[in-house]
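Here is a short briefing on one protein chain. Keep the structure in view and find each part as you read.

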Amino acid sequence: MTSMRLRFLPLALAALVSPSLSQAQPQTQAFDGQVSRDGVTLYYQDAAGALAAPVRKRIIDTFYFAYLRERADFRPAAPNEVRIVIDPAYTGVAFVGDKDKASTITINPGWLAQHPDDIDLVTHEAMHIVQGYPSYGDKRVPGWLVEGIADYARDRYGMNNAAAGWALPDKLSQGQTVESGYRVTGAFLKWAEAAHPGLVLALDKDLRDGRYAPALWQKHTGKTLPALWTEYAKPRSPAPAPPPARRAKRR
Ligand SMILES: [Zn+2]
């Protein structure tokens, strides 16, 4: 897995792209290798040598802890070859691509340098590989539900969420809906799953088969999605603002 090209060219690029990171961790070096555990092979590529060995180990351990469980619970036939690419040129946090990149997690090392405890971003992305839905962000595969399931999985399979200050919210903020996605939808899914065990698994299968439709909530729970959301949201919505007169008296 090691080549001269990967070893030397990106090191020069890294110095140009992120000099502060290079200065902070001068002893890092390009890494390109593979590891296999429990039937899953992980190719790990950090051509720029952006992350030190202890961070790399944490990423790999977190990946295996989450992916093996997510895969076993949701889709045992999910890919048994996965790639993690550390890319200093990527300015987001992390993502899983589509088509030939459907089993590749790309991570921005700058984010992990600033948020070292946010390691369970790997758990969220690993779930996207298990999901392997036929599309993203359309009627059959709504983005809010895809991201809600990925954060539901981060909550369920994450190793370090509490230390990262990451949790599913127990309250709603103004304007949030079931379609807010991510943690908002993840918390709703956890609540709905508790009342209707197997719901998330069923929705995941619907999405993968390309046959998701809002009416399926009724089929799986006996209630419509708006009815479920109302039931969930009522006790969790923000209290009305105090009347202005009372505030005006305060000094
Ligand atoms: Zn995501």
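The points below go from the whole chain to the sheet, then to the helices, the zinc ion and the pocket.

This is a predicted model. The protein chain has 11 helices and five strands. Of its 251 residues, 45% count as buried. Among contacts in the chain with a separation of 6 or more, 60% are between residues 24 or more positions apart.

**The sheet as a whole**

- Five strands make an open sheet, in the order β1-β2-β3-β5-β4.
- The pairing in this sheet is mixed.
- The edge strands are β1 (31-37) and β4 (94-96), and each pairs on one side only.
- From one strand to the next, the twist averages 15°.
- Strands of a sheet pair through backbone hydrogen bonds, and the pairing is either parallel or antiparallel.

**Walking across the strands**

- Start at β1, which runs antiparallel to β2 and is joined to β2 by seven bridges.
- Here Val35 stands opposite Leu42 in β2.
- β1 and β2 form a hairpin, with two residues between them.
- Asp38 sits in that turn and has a positive phi of about 50°.
- Next, β2 (residues 40-46) pairs with β3 (residues 81-86) in the parallel sense, over five bridges.
- Thr41 stands opposite Glu81 in β3, and Tyr43 stands opposite Arg83 in β3.
- β3 and β5 also run parallel, joined by four bridges.
- Arg83 stands opposite Thr104 in β5.

**Which way the side chains point**

- In a regular strand the side chains alternate between the two faces of the sheet.
- In β2, Val40, Leu42, Tyr44 and Asp46 point one way.
- Thr41, Tyr43 and Gln45 point the other way from β2.
- How many of the residues of β2 are buried? Seven of its seven residues are, and the strand is mostly covered.
- In β5, Thr104 and Thr106 point one way, and Ile105 and Ile107 point the other way.
- These four residues of β5 are all buried.

- Which strands does helix α3 touch? Helix α3 (residues 53-74) packs on the sheet and touches β1, β2, β3 and β5 (104-107).
- The direction of α3 makes about 150° with that of β2.
- Helix α5 (residues 121-131) packs on the sheet too, touching β3, β4 and β5.
- The direction of α5 makes about 150° with that of β5.

- In α5, 11 of the 11 residues are buried, so the helix is largely enclosed by the rest of the structure.
- Among these buried residues are Leu121, Val122, Ala126, Met127 and Ile129.
- Glu125 and Gln131 are also on the list of buried residues.
- Just after α5, Gly132 takes a positive phi of about 50°.

**The zinc ion**

- Which residues are the protein donors of the zinc ion? They are His124 (NE2), His128 (NE2) and Glu147 (OE).
- These donors lie 2.0 to 2.1 Å from the zinc ion.
- In sequence the donor residues are spaced H-x3-H-x18-E.
- His124 and His128 both lie in helix α5, four residues apart, about one turn of the helix.
- An α-helix has 3.6 residues a turn, so residues three or four places apart point the same way.
- Are these two histidines buried or exposed? His124 is buried because its relative accessible area is 7%, under the 20% cut-off.

**The largest pocket**

- Rolling a probe the size of a water molecule over the atoms shows where empty space is left.
- About 650 Å³ of space lies in the largest pocket.
- The lining of this pocket has 27 residues.
- Val96, Glu125, His128, Tyr136 and Glu147 lie nearest its centre.
- β4, α5, α6 (143-157) and α7 (182-195) each give two or more residues to the lining.
- Which element gives the most to the lining? α5 does, with five residues.
- Two of the zinc donors, His128 and Glu147, are among the residues nearest the pocket centre.

Note on methods. Residues numbered from 1 in each chain as written. Predicted model: local features only at pLDDT ≥ 70, side-chain atom pairs only at ≥ 80, totals over all residues. Heavy atoms only, no water. Pairing = 2+ DSSP bridges. Axes fitted to C-alpha atoms, helices over the stretch in contact; angles between N-to-C directions. Contact = heavy atoms within 4.5 Å. Donors = N, O, S within 2.8 Å, 3.2 Å for Na, K, Ca; no water. Buried < 20%, exposed > 50% of the residue type's maximum accessible area, 1.4 Å probe, protein only. 1 Å grid on protein atoms, 1.4 Å probe; cavity = no way out; pocket = protein on both sides within 12 Å on 5 of 7 lines; lining within 4 Å. Points joined across faces, edges and corners; volume = space filled by probe spheres on them.
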